[in-house]
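Here are a few notes to read alongside the model. Have it open and follow the points in order.

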Amino acid sequence: MTKVCLECGEKIIGRSDKKFCSDYCRNAYNNTVNKDSKNLIRNINNRLRKNWRILEALNPDQKTKTTRTKLIQNGFDFNFFTSTYTTKAGTVYYFVYDQGYLPLENDFYALVKRE
Ligand SMILES: [Zn+2]
């Protein structure tokens with residue numbers, strides 16, 4: 001069975017457990033993997049920061065109400081939050097760090113800041 005280098009696709013000669021043809025290719029491959037995961041983390045952090053800023057701007061007094069439309073108009077992305085909090089009654093609050101939101105009826109959202 002012929003194995004090929006994960007980085008450049010060249011045939012690998014030698015031990016069957018080798019994944020790369022050279023140290024150069026191993027380093028290049030690992031740097032790319034690390035860079036991609038760093039980009040992923042950076043992008044998610046940027047999304048979370050944006051969501052947090054939107055909640056903070058809409059909720060200057062620790063507690064208020066807003067609408068889904070207003071959140072979306074500001075660029076809020078409901079896919080990104082850092083934690084959830086479920087009350088004894090089963091109500092689920094979503095948090096972006098210390099800024100929380102709770103879906104209410106008719107497009108409304110409660111915004112709360114965690115102490
Ligand atoms: Zn190679």
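1. A quick term to begin: donors are N, O and S atoms within 2.8 Å of the metal (3.2 Å for Na, K and Ca), and since water is not among the atoms, sites may look incomplete. With that in hand, the donor residues of the zinc ion follow the spacing C-x2-C-x12-C-x3-C in sequence.

2. Some ground rules. This is a predicted model, where local features need pLDDT of at least 70 and side-chain atom pairs pLDDT 80 or more, while totals for chains, interfaces and linings use all residues. Residues are numbered from 1 along each chain as its sequence is written, and side-chain values use heavy atoms, leaving out hydrogens and water.

3. Which residues hold the zinc ion? Cys5, Cys8, Cys21 and Cys25 coordinate the ion through their SG atoms, at 2.3 to 2.4 Å. The angles run from 105 to 118°, so the arrangement is tetrahedral (for four donors, all angles between 85 and 135 degrees).

4. Buried or exposed? Cys5 is buried at 3% relative accessible area, whereas Cys8 is partly exposed at 41%. Buried means under 20%, exposed over 50%, and partly exposed in between (1.4 Å probe, protein chains only).

5. Now look at Asn27, which sits in helix H1 (residues 23-58); helices are DSSP runs (H or I, at least four residues), and strands likewise (E, at least two), numbered from the N terminus. Asn27 is partly exposed, at 42%.

6. Among the buried residues of H1 are Cys25, Leu48 and Leu58.

Conventions. Four donors count as tetrahedral if all angles lie between 85 and 135 degrees; four count as square planar and six as octahedral if opposite donors are over 155 degrees apart and all others between 65 and 115; anything else is irregular.
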